[in-house]
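I opened a new notebook page for this structure. Below are my entries, in the order in which I looked things up.

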Amino acid sequence: MKIEMDLKRIKKLAAALDDENWEFRTFLKGLDLDSAELDAIVHRINDEVSAQIDCTQCANCCKVVRPVWMRQMWPSLPPVSTGRSRNLRKSI
Ligand code: SF4
């Protein structure tokens, strides 16, 4: 199966298939599976799909998601106002 990587096309497809996605969600809620079984299926599918995706070619998450950091995580990180750390958001 070819994985769609064009973010604009993915957005259009998601909008076009919104009703179908809601039907699938309803279907999943009606399944006679406990959450561990459903999680196992989702993790298996995620592993298969993720193996076909190179996030370094897309980098969308790096553009739209701002990492959150806590000083305890990286005590040697320079002050937030300098260099690369300027793009990090300090947690509350
Ligand atoms: S960078 Fe983000 S949006 Fe792009 S492929 Fe990876 S997870 Fe998906």
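Entry 1, confidence. I began with pLDDT, the predictor's confidence in each residue, from 0 to 100. The mean pLDDT of the protein is 85, and 83% of its residues reach 70 or more. I noted that this is a predicted model, in which local features need pLDDT of at least 70, side-chain atom pairs count only at pLDDT 80 or more, and totals for chains, interfaces and linings use all residues. Residues are numbered from 1 along each chain as its sequence is written.

I took helices (H or I, at least four residues) and strands (E, at least two) as DSSP runs, numbered from the N terminus. The protein has five helices and two strands, and from the N terminus on they run α-α-α-α-α-β-β. Confidence is highest in helix α1 (residues 7–16), at a mean of 96, and lowest in strand β2 (residues 89–90), at 65.

I called a residue buried if 20 or more other C-beta atoms lie within 10 Å of its own, exposed if 12 or fewer, and partly exposed in between, with C-beta atoms placed from the backbone. How much of the protein is buried? Of its 92 residues, buried ones make up 0%.

I checked its length against the expected span, which is 1.5 Å times one less than the number of residues. The 13 residues of α2 (residues 18–30) should span 18 Å, and the end C-alpha atoms are 19 Å apart, which agrees. The number of buried residues in α2 is zero, so this helix lies largely in the open.

The 16 residues of α3 reach 21 Å from first C-alpha to last, close to the 22 Å expected. Zero of them are buried, so α3 too lies largely in the open. I picked out Leu38, which sits in α3 (residues 35–50). Leu38 counts as partly exposed because it has 13 C-beta neighbours inside 10 Å. Which residues does Leu38 contact, leaving aside neighbours within four places in sequence? They are Leu31 and Leu33, contact being C-beta atoms, placed from the backbone, within 7 Å. I also found 8.7 Å between the C-alpha atoms of Leu38 and Leu28, ten residues apart along the chain.

With 10 C-beta neighbours inside 10 Å, Ala59 counts as exposed. Its phi is near 60°, a positive value in a residue other than glycine. Most residues other than glycine have a negative phi.

Note on methods:
Two residues are in contact if their C-beta atoms, placed from the backbone, lie within 7 Å.
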